[in-house]
Amino acid sequence: MAHIRMALNYLAPQSRVLSAESLWIAVENLTRVVFDRLCHEHAIDASTPDAKHRLARALGFEPGMLD
């Protein structure tokens, strides 16, 4: 939350890079929280090497969909 607040504080034309940097850090921190929660909801062990693949399939994505 601190990085989101910092991004909003930097929200000015002369400091767009600082705002983007703070938002990037916030997203990096929240990614793990969201990933762990989704794994828990779909009964996937987040510590396994194929957890991201299994979660993607559980959410309806199939390998090769974007090809």
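**Stop 1: the whole chain**

Start at the N terminus and follow the elements of the protein chain: they run α-α-α. That makes 3 helices and 0 strands. This is a predicted model. Select the whole chain and show its surface. The protein chain exposes about 5,600 Å². Carbon and sulfur atoms supply 62% of that area. Of the 67 residues, 15% count as buried.

**Stop 2: helix α2**

Select residues 16-41. This is helix α2, with 26 residues.

Where is the kink in α2 centred? Select Leu 30. The kink there is about 25°.

Next, colour Ser 19, Ser 22, Ala 26, Phe 35 and Cys 39. These residues of α2 are buried. Before you look at how they are spaced, keep one rule in mind. An α-helix has 3.6 residues a turn, so residues three or four places apart point the same way.

**Stop 3: Ser 22**

Stay in helix α2 and select Ser 22. Is Ser 22 buried or exposed? Ser 22 counts as buried because its relative accessibility is 3%, and the cut-off for buried is under 20%. Ser 22 and Asn 9 are 13 residues apart along the chain. Their C-alpha atoms are separated by 9.9 Å.

**Stop 4**

Move on to the loop between α2 and α3. Select His 42, which is found in this loop. His 42 counts as partly exposed, at 32% relative accessibility. Show its neighbours. Leaving out residues up to four places away in sequence, His 42 touches Leu 55, Ala 58 and Leu 59. Then pick Arg 54. His 42 and Arg 54 are 12 residues apart in sequence. From C-alpha to C-alpha, they are 9.3 Å apart in space.

Select Ala 43 in the loop between α2 and α3. What is its phi? Ala 43 has a positive phi of about 55°, although it is not a glycine. Here is the background. Most residues other than glycine have a negative phi. Ala 43 is exposed because its relative accessible area is 66%, and exposed means over 50%.

**Stop 5: helix α3 and Arg 57**

Select residues 51-58 to show α3. Within helix α3, pick Arg 57. Its relative accessible area is 42%, so Arg 57 is partly exposed. Which residues does Arg 57 touch, not counting those up to four places away in sequence? They are Glu 62 and Pro 63.

**Stop 6: the largest pocket**

Finish at the largest pocket. Its volume is about 150 Å³. Select the lining: Thr 31, Val 34, Phe 35, Lys 52, Leu 55, Ala 56, Leu 59 and Phe 61. Which helices each supply at least two residues of this lining? They are α2 and α3.

Two names on the lining have already come up. Phe 35 is one of the buried residues in α2, and Leu 55 is among the residues that His 42 touches.

Note on methods
Residues numbered from 1 in each chain as written. Predicted model: local features only at pLDDT ≥ 70, side-chain atom pairs only at ≥ 80, totals over all residues. Heavy atoms only, no water. Helix = DSSP H or I, 4+ residues; strand = E, 2+ residues; numbered from the N terminus. Expected span 1.5 Å × (residues − 1). Bend = angle between axes of the 7 residues up to and from the residue. Buried < 20%, exposed > 50% of the residue type's maximum accessible area, 1.4 Å probe, protein only. Areas by Shrake-Rupley, 256 points an atom, 1.4 Å probe, with all protein chains shown as cover. 1 Å grid on protein atoms, 1.4 Å probe; cavity = no way out; pocket = protein on both sides within 12 Å on 5 of 7 lines; lining within 4 Å. Points joined across faces, edges and corners; volume = space filled by probe spheres on them. Contact = heavy atoms within 4.5 Å.
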